[in-house]
Amino acid sequence: MIYVVATLTIKPETRADMIAAAKACIAETRKEAGNIAYDLHESVTDPTKLVFVEQWESAEALVPHRKAEHMKTFGRVVVNCLAAPPKIEVITPANVEVR
């Protein structure tokens, strides 16, 4: 099992668009084979911080996820919303990789 924690810093004026796109992406991702959990958390102290917490059966399950059409659609929205590069942490029993 692996976890992915993606922390996004967005432009304040894009918040509504980002959350709408995230909701659509979350709904589709939860249907994917190998997905255990896929949730979006919003900071209560900083409205520009959003954190995705994902749980997957294996690293192999992420391969089709990254190529899924709903991820491409989400990516086209995200690119216009980001105020800084995202921080992605891939957590396995053996390692924490930060991208």
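Residue T7 touches L50, V51, P86 and K87, residues up to four places away in sequence being left out of the count; contact here means heavy atoms within 4.5 Å. The model is a predicted one, in which local features need pLDDT of at least 70 and side-chain atom pairs count only at pLDDT 80 or more, while totals for chains, interfaces and linings use all residues. Residues are numbered from 1 along each chain as its sequence is written, and side-chain values use heavy atoms, with hydrogens and water left out.

T7 belongs to strand β1; helices (H or I, at least four residues) and strands (E, at least two) are DSSP runs, numbered from the N terminus. K87 is 80 residues away from T7 in sequence, yet the two C-alpha atoms are 5.2 Å apart in space. With a relative accessible area of 22%, T7 is partly exposed; on this scale buried means under 20% relative accessible area, exposed over 50%, and partly exposed in between (1.4 Å probe, protein chains only).

Strand β1 covers residues 2-9, and because six of these eight residues are buried, the strand is largely enclosed by the rest of the structure. It is joined to strand β3 (residues 49-56) by eight bridges, and the two run antiparallel; strands are taken to pair if DSSP finds at least two bridges between them. Within this pairing, Q55 of β3 is the bridge partner of Y3. Strand β4 (residues 87-91) is also antiparallel to β1, with five bridges between them, and its residue E89 stands opposite V5.

The largest nonpolar core contains 23 residues, and those with the most contacts inside it are I10, M18, Y38, F52, W56 and F74. A nonpolar core is a set of buried Ala, Val, Leu, Ile, Met, Phe, Trp, Tyr and Cys residues joined through side-chain atoms within 4.5 Å. At least two residues of this core come from each of β1, α1 (15-29), β3 and α3. Helix α1 gives the largest share, six residues.

H70 is located in helix α3 (residues 69-81). This histidine is buried, because its relative accessible area is 17%. Beyond residues up to four places away in sequence, H70 touches C25, E28, T29, E32 and H65. Two of its side-chain interactions are polar contacts: one with the side chain of T29, at 3.2 Å, and one with the side chain of E32, at 2.8 Å. A polar contact is a pair of N or O atoms within 3.5 Å; within protein, one must be able to donate a hydrogen and the other to accept it, and residues adjacent in sequence count only if both atoms are side-chain atoms.

The structure holds zero disulfides, a disulfide being a pair of cysteine sulfur atoms within 2.5 Å. The cysteine sulfur closest to that of C25 is in C81, 13 Å away, which is too far for a bond. C25 counts as buried because its relative accessibility is 1%, and C81, at 2%, is buried as well.

In the UniProt record, an unreviewed entry, the annotation "domain: ABM" covers residues 2-90. UniProt positions are given in the numbering used here, feature names are shortened, and annotations may be inferred rather than shown by experiment. The end C-alpha atoms of this span lie 7 Å apart, and the span is 38% helix and 31% strand.
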